[in-house]
Structures are given as C-alpha cells and as structure tokens.
Amino acid sequence: VQPGLFWCATFQGLLQFDSRLQKFTSPTLQHQMLFDSLQRIPVRKIYKDSRQRVWIGTEEGMFTYDFKTYQLTNWVKESEQGDLVSSFKEDKEGKVWIGKRSGLQSYSYQKNRFSSVPLLIPNTRIEFVDISDVNIGGDSLLWLSSYQFGIGKYNLKTKQFKLYTTA
C-alpha cells in the first residue's frame, strides 16, 4: 500500500497495520470505502498484481480494488456467491490464477474475462476442487494444493493434470 503500511486478511475483514506506529490504524480516506465494504466478511487472501490491482479472496466470493481509480469491484457473478476464494497468482503473461472452493479459475486482462479450468483427477470423474493455494513453476506449470485432495500439477501447455498422493 505505502511503505510501512500493511493490509491484513482476517476473519473480521480487512485491517491495516502501521509498522512504524506498531498498531492497527484506520485506512486513509481514499481507501475507506474498501475497508467499509469488507467489514465483517472473513478475508482469506490479499494479492497485488503487476497492474496495481488488489485481488481479495473472501468466504463470500472475490473482489478487486484498483489503486489508480480507487474502484472496488465485487465479482459475485464470476465467483459464485458464497464461494470461498483462497489464492491468487499472476503468471508471466499477466493472467491471474484463482484458487477457489469450487476449483481453478483464471482471469485474462487481454480478454477481460474469467474462465473456469476443469481439473479432473486422472482415471476418475472427480474434479480437483477446494484449492487452497496456487503456485507457478517454470514456464508452464501450476502447482495446486487442495484441502481435500493434496497436491496437483497442471501443465498449461499440454492441459494435463496430475495428482500426487502419499499412497
């Protein structure tokens, strides 16, 4: 946000911590609407992308906040009301990958569009869902963790998904 100021995801909403004062403080006026809108909504993840847009994952869907315009967008339609959003990661092409309870989604700035990415566990009809974290490995790999299934790897080039288990 600014040097010394940190936004914190909490079960009570979005909070701001001032490291110089060593305490939680009120947000600046231009950010007040964002904090008011997220009061009492459990926030799971905050992620700032290369375009200075902040992605906010909550237990009730996702929001974005544009630092240039101070505009808050509630993506209810794209995140399905009540869908827990727990992870964001931007790849080298600027696509944002979103880990959700209902699975994996991506956002393309070029197309200004969200897309769902079905991840079927090999040799089953079961979809890899309940994604808790998304990480990017190399040029074309997404490493995904799931509260329900463990670790998965999705190859962006081949569109192949592999599940890793301890068995």
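Hi everyone, let's start with one leucine: L84 sits in the loop between α2 (76-79) and β8 (85-90). Before I go on, please keep in mind that this is a predicted model.

So, is L84 buried or exposed? With a relative accessible area of 6%, L84 falls under the 20% cut-off and therefore counts as buried. Which residues does L84 touch, setting aside those up to four places away in sequence? They are R44, T58, E59, K100 and R101. There is also M62, which lies 22 residues from L84 along the chain, with 8.1 Å between the two C-alpha atoms.

Let me pick up T58 from that list. T58 belongs to strand β5 (residues 53-58), and its relative accessibility is 0%, so T58 is buried as well. Its side chain reaches the backbone oxygen of G61 at 2.8 Å. Beyond its neighbours within four places in sequence, T58 is in contact with several residues, among them L38, I41, F63, D83 and L84.

Now for the charges. How many salt bridges does the structure hold? The count is four, and I'll walk you through some of them.

E59 and R44, both touched by L84, form a salt bridge with their closest N and O atoms 2.9 Å apart. This pair links distant parts of the chain: E59 is in the loop between β5 and β6 (61-66), R44 is in strand β4 (residues 43-48), and 15 residues separate them. E59 is partly exposed at 26% relative accessible area, and R44 is partly exposed at 31%.

D83 and K100 form another salt bridge, at 3.4 Å between the closest N and O atoms. Because D83 lies in the loop between α2 and β8 and K100 in strand β9 (residues 96-100), this pair ties together parts 17 residues apart in sequence. Both D83 and K100 are buried.

Then there is D18 with R20, whose side chains meet at 3.6 Å, N to O. Here D18 is buried, at 8% relative accessibility, while R20 is exposed, at 58%.

The largest pocket has a volume of about 410 Å³. Of its 20 lining residues, the closest to the centre are D91, K95, W97, S106 and S108. Two elements give two or more residues to that lining, β10 (103-108) and β11 (113-117), and the largest share, four residues, comes from β11.

Conventions. Residues numbered from 1 in each chain as written. Predicted model: local features only at pLDDT ≥ 70, side-chain atom pairs only at ≥ 80, totals over all residues. Heavy atoms only, no water. 1 Å grid on protein atoms, 1.4 Å probe; cavity = no way out; pocket = protein on both sides within 12 Å on 5 of 7 lines; lining within 4 Å. Points joined across faces, edges and corners; volume = space filled by probe spheres on them. Buried < 20%, exposed > 50% of the residue type's maximum accessible area, 1.4 Å probe, protein only. Contact = heavy atoms within 4.5 Å. Polar contact = N/O pair within 3.5 Å; in protein donor to acceptor, adjacent residues only side chain to side chain.
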